[in-house]
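Could you open the model alongside this note?

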Amino acid sequence: MLGIETSCDETAAAVVDGGTTIVSSVVSSQVDLHARYGGVVPELAGRAHVELLTPVVADALAQAGSDETGRGIDAVAVTHGPGLVGSLLVGVAEAKALALAWGVPFIGVNHLEGHLFASLLEQPDLGWPLVVLLVSGGHTLLVEVTAPGTYRLLGQTIDDAAGEAFDKVARFLGLGYPGGPAIDVAAEAGDPAAFDFPRSLVAEGYDFSFSGLKTSVVNTVRQHPEATTEDVAASFRQAVVDVLVVKARRAAAAVGATAICLAGGVAANSLLRRRVEEACAEDGLRAFLPSRSLCTDNAAMIAAAGWWQLQRHPGGSALDLGADPNLRLPDVGRAETGLTAPEAAAAG
Ligand code: KG4
Ligand code: ZN
């Protein structure tokens, strides 16, 4: 399976065998291109994908012992949403062209499903059900995976994503972009109890909210100009991680999960990794913390998700499938009603 990922600022291609074995994986990051703007600039991202995708795909094919004839490739999977529409279109067009030229199925993959499958690339025997905490710059989701393709969305952020909160606070503290890694380093040298930042919604359900925390950091720093960056970073990181871990743990107990998996860029956070491991050890669960290259955007996870999708829907997706910037995770809770989300809302 050739996988292609262009939903945001990584141009990636990978070849994966049988849904679990990575044969090649190439990721070309555009982070330097966007750093001076303090975030991803959609138009620049789309143009960079146009330039980078063909060589990145050629590289992934060559490393897998294939070439532009598609020798040995049985299907092409691509992220078709959610993400930046101009960026998604570049990958979708390339995947359709290759699938047509090679006479193999084309499979449109949901980027969020890709993140959920990343764990299986390193740990194929994870077992079900499991709870995945997907925390990235764009998403914060708590998902129960009962089997490949069967997901129940337990909770999500009602405002900022966890990574977005890290990036905004880092920017305010003058730590640069992307801010998560810089906060993580500064926090290791600070006192996590220096400031008691709010743990929004901690006692309620599985949804998250981080915008109040960000405002609280700004107000606190203005009131305490003497506060060190390390203490602010440590207290902020502690507040984010406390809420993430409490909710993931509660969710795992509620659904009888065998494991808690992390996914997304914030899964690289050292405190989050330590705390999830400790919580799982205490609760008798497996903790699965994928390596950083599988947490951040990559095409191996898209190929893996595509492989599982092809088992369920032989033949793949229709060639008129488009890019969908607002694509949601297929949710059994919602699917059972037979209504799409807006219809369900309208029906009360
Ligand atoms: O998954 P990802 O690479 O891209 C998407 O957003 O899809 O996630 C990037 C996010 C950024 O917000 C970055 O600041 C955050 O992950 N991040 C971290 C750490 N490393 C990356 N956040 C906290 N601690 C880290 N060590
Ligand atoms: Zn992602």
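**Notes on the model**

1. Let's start with valine 16, which is found in strand 2 (strands are DSSP runs of E, at least two residues, and helices are runs of H or I, at least four residues, numbered from the N terminus). With a relative accessible area of 1%, valine 16 is buried (buried means under 20% relative accessible area, exposed over 50%, partly exposed in between, with a 1.4 Å probe and protein chains only). The C-alpha atoms of valine 16 and glycine 3 are 7.6 Å from each other, with the two residues 13 apart along the chain.

2. Some housekeeping. This is a predicted model, where local features need pLDDT of at least 70, side-chain atom pairs count only at pLDDT 80 or more, and totals for chains, interfaces and linings use all residues. Residues are numbered from 1 along each chain as its sequence is written, chains are lettered from A and ligands numbered from 1 in the order in which they are written, and side-chain values use heavy atoms, with hydrogens and water left out.

3. Serine 7 is in the loop between strand 1 (2–5) and strand 2 (10–17). Its relative accessibility is 3%, so serine 7 counts as buried. The serine 7 side chain also makes a polar contact with the side chain of glutamate 5, at 2.6 Å (a polar contact is a pair of N or O atoms within 3.5 Å; within protein, one must be able to donate a hydrogen and the other to accept it, and residues adjacent in sequence count only if both atoms are side-chain atoms).

4. Most peptide bonds are trans, and most residues other than glycine have a negative phi. Glycine 81 and proline 82 are joined by a cis peptide bond, with omega about -10°; proline 82 sits in the loop between strand 4 (76–81) and helix 3 (85–102). Another cis peptide bond, also with omega about -10°, links tryptophan 128 to proline 129, and proline 129 is in the loop between helix 4 and strand 6 (130–135). Leucine 201 has a positive phi, near 60°. That leucine 201 lies in the loop between helix 6 and helix 7 (211–223), and counts as partly exposed because its relative accessibility is 25%.

5. How many residues of helix 4 are buried? For helix 4 (residues 111–122) the count is 11 of the 12, so the helix is largely enclosed by the rest of the structure. Among the buried residues are His111, Glu113, His115 and Phe117. At the start of helix 4, a side-chain oxygen of asparagine 110 comes within 2.8 Å of the backbone nitrogen of leucine 112.

6. On to the ligand shell. Ligand 1 is surrounded by 19 residues, the closest being Gly137, Asp167, Gly180, Gly265 and Asn269 (a residue is near if one of its heavy atoms lies within 4 Å). By type, the shell divides into 5 nonpolar, 10 polar and 4 charged residues (Ala, Val, Leu, Ile, Met, Phe, Trp, Tyr, Cys and Pro count as nonpolar, Asp, Glu, Lys and Arg as charged, and the others, Gly among them, as polar). Helix 5 (162–172) and helix 6 (179–188) each supply at least two shell residues, and helix 6 gives the most, with 4.

7. Finally, the ligand's contacts. A polar backbone atom of glycine 180 is 2.9 Å from an oxygen atom of ligand 1, and a polar backbone atom of glycine 265 is 2.9 Å from an oxygen atom of ligand 1. The protein buries 89% of the 550 Å² that ligand 1 exposes when taken alone (areas come from the Shrake-Rupley method with a 1.4 Å probe).
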